[in-house]
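Hi there,

Here is the structure I promised to pass on.

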Amino acid sequence: MKTTTRLATLLAVATALASTAGAVTVTRGPYLQMPSDSSMTVRWRTDAPTDSRVSYGTTQGVLTTDVDDATPTTEHEVPLTSLTDGTEYFYEVGSTTGALVGNDAAHRFRTNPTPGTVQPVRLWAIGDSGFVNPDHVAVRDAYAAFSTGIHTDLLLPLGDNAYNVGTDAEYQAAFFDMYQDLLRRTPAMPTFGNHEAFSSNTLTETGPWFDMFTLPRLGELGGVMSGTEGYYSFDLANVHFIVLDSHFSDRSPGGTMLTWLEDDLMATTADWIIAYWHHPPYSKGLLHDSDIENREIQMRENALPILEDLGVDLVLSGHSHNYERSNFLDGHYGFSTELAPSMVLDSGDGDADGAYRKASVGPAAHEGAVYVVAGSTSDVRNSTLNHPAMEIGLLEFGALVVDIDGNELTGTFLNDLGQASDVFRIAKGAPACPAAARSGCETAGKAKLVLKKNTDPSRDRFVWKWKQGDLDPGDVGDPTDQTDLAVCVYDAGGTLLGSAVAPSASDPAGAWRPKGIGFSYKDSAAPGGILKMRVSPGDSASSKIAVKGKGAGLGLGTLPVALPVTAQLANLDGGACWEAVYSTAKRNEATKVVAP
Amino acid sequence: MGDLGGRGVRRRPVSVCAALLLAALAHPLMPRGAGAHQDLADVLAAHEREHARRGSDPAIHLEEANLRRQARDVDGALVAVERAAALGAEPGDIAIVRGQVFLDAGWPGAARAEVDRALRAHPERVHVRLTRARAAHRLGELTAAAADYRAAIAGMRSPTPDHVVEYRDVLLEAGDRAGALAALDLGMTRIGPVPTLQLPAIDLALALDRDADALRRIDALLAQNPRNERWLARRGEILERSGRTDEAKHTYGVALALIEARPAGRRGGRIRALEQRLRAHLAPTTKEKDTP
């Protein structure tokens, strides 16, 4: 492999372009593999052997660096190294005698940020996508529309991504041709399905699946080296990914795969852990019952205890041609009939009634995980879908979108009609005010804010009254069940000046009670800053919010404040909020603010 | 949606045939693995459709034999092999597939005879030596098995840790611990210093009283990740066994400090068990307690 600057070879390339361009055609790709914060591997196939060249740069049309491989081949594989983290690159592929495709807006990639960086991450998981049919095309196009303007960091093929037996030709049609646009700019990190097993073997690492993918076996992308491409791990931003082989590899405790899994999980410090493999630990899909199939049983019995003990957040699988999504689970390693209520840490829907919440930020033992079967990207098979661990089952074409932003993960099952048929969220850490004030809040006819600052923060005080506004009970949610409410005060610069959280009754600290058609909260210890709160839904004539807070939990900043100051009540599990904006204050002093 | 509540299932209408199939599948006598076999049945059905297009190609019949082998359909697999042979399939290819079918069927002697034939025709097909190694192992011919494992691991493009562990197990069964350690080293030469091979190599080095070698190996692992508490604990145990008690205690202390630095949520059962192990190592012995 040789890297040169474009200036040094410009003349030679121009000559070569003139003489040979068009003689060779790209028949697969280009597609991206092995993403890291400093590298990316570009692969493509040509219909005749040539040497390989990738030219790249950070400006479209100005590709300043060439990387060459002199070996003539039709299977081109060029690793680009020494890249800058979190940077978008444009590229083209070809040979030293001429470029073939690229150097346009469609051919670009983004390097990962430095591992551990907190930034939004978007994943798309496709399962059992091996049929080429209009439904599959509709799923793909629905996602393309859904993700317009949003970079997809990774494509996660969950196995059985080319029917019937995962041959090279089948992969060409169902994967490389189907996802050509996406694969030019988004790396794919696949797992191995039972249909791939008809033509490839993870134990010998032979067959078309191993020929077409370049995967990390030596911890190149983060994680502990597995020594095989059959199962591996990698990091992206603040997420650690585990990819297991549920088909051929030894699934027994003490076997090499699960021994590696334990070492790998113990080493990670990422905020989020996502694991995926083909055979679902929980499913009642047609012909794929996790109470019957050995692989599903063994993965559940042997892999899940390790994963949950070391902090997994989300587990993705395919195999069953449907969508199933679990409750927030922990410790369910037996048959479906053995699911006990204590294993369901949150029986809510994970969305409208509040996100599933893990108290710890970062990997945490046995704080709950969501299990998703996303195997309906190209086929749907009727089934009972009556596994009791599941919150929802859908007989719809679609695939799973996963968004991670800071301490919140959102899963969206996007169907072939572009509808979000299921949404769930997992939030980490204590509920807290958003860093910036929300927009579009309901306003009040009348509202009063009092802030008192003391040299001893335990004696700080906060009072807020809001009334004569629209306070829909549906927007408030149910804090006696899942909904976390917070009062948040922002100064003129949008900085959070103080906050107070009243966690839902699902939290041990929650102290909510029903009160009329609304709710009241009372906690004399005020650990989250709130002493009392009363939320009375209604129309502008009857609605009312009254909050009293105290203590260091308020995190009250320095007074006086820069006006206007904004006070909001936010439903932290939904988007609803109620606010008052104060442009004037009766008092605005170092010890007390009264507005208006 | 189940007993614990949920939002239920949204579905398209189930046809009568599908309903009958569902009812059959829900039967308690439905065997484990039935779903996997159905996948295979689907694949075979598609394969048979392919026969119409490529029926005279012996390769498709060998593919079918392999599919039937995976379905444990020994008779069907052998019939497909015979069809391939009748169509002029290359004898070495036939012997390879037939050998695998025989091995999976539990006939290691017949399997080895076939694979011998295949390797005589194609000695360069080094992965076939894995099949022969497994056949020899089942026949109790451990030396022959080890030789084939060694050749396969040395020659394969991508041997995996599982191959190396199989090779090690054969040598351990033969009572050859030093050979087993060398097998793991061969594997690491080919694959890389993966923990799944280095950790058992450490166990073997200690069993052979090669403490310095064990220490070198755990240090090599720790060079990959100096903050791995479990590997640090193992290092401490090796040092302690070597009589380097002070260094051992220091290493245990480092590991324990790393565990204590973990947030509470990151201390699950495995971490707590390791913590207890470290604390037990750090607890003063009776002799130490008696020392004024």
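Let me start with chain A, whose domain assignment gives domain 1 (2-110), domain 2 (121-428) and domain 3 (442-595). Please keep in mind that this is a predicted model.

I looked at how domain 1 and domain 2 of chain A meet. Taken over C-alpha atoms, their centres are separated by 32 Å. Domain 1 of chain A brings 17 residues to the contact, and domain 2 of chain A brings 15 residues.

On the domain 1 side of this contact in chain A, the elements that give two or more residues are strand 2 (26-33), strand 3 (40-57) and strand 7 (108-110). Strand 2 of chain A gives the most to that side, with six residues.

Now to confidence. For the complex, the predictor gives an ipTM of 0.82 and a pTM of 0.85. Chain B has a mean pLDDT of 85, and 84% of its residues reach 70 or more. Two stretches of chain B deserve a mention. Residues 1-5 of chain B have a pLDDT below 50, and this stretch has 19 contacts in the model beyond near neighbours in sequence. The pLDDT is also below 50 over residues 12-35 of chain B, a stretch with 21 contacts in the model beyond near neighbours in sequence. Where pLDDT is low, the predicted coordinates should not be read in detail.

Happy to go through any of this with you.

Best wishes

Conventions. Residues are numbered from 1 along each chain as its sequence is written. Chains are lettered from A and ligands numbered from 1 in the order in which they are written. This is a predicted model: local features need pLDDT of at least 70, side-chain atom pairs count only at pLDDT 80 or more; totals for chains, interfaces and linings use all residues. pLDDT is the predictor's confidence in each residue, from 0 to 100. Two residues are in contact if their C-beta atoms, placed from the backbone, lie within 7 Å. Domain bounds come from an automatic or database domain assignment. Helices (H or I, at least four residues) and strands (E, at least two) are DSSP runs, numbered from the N terminus.
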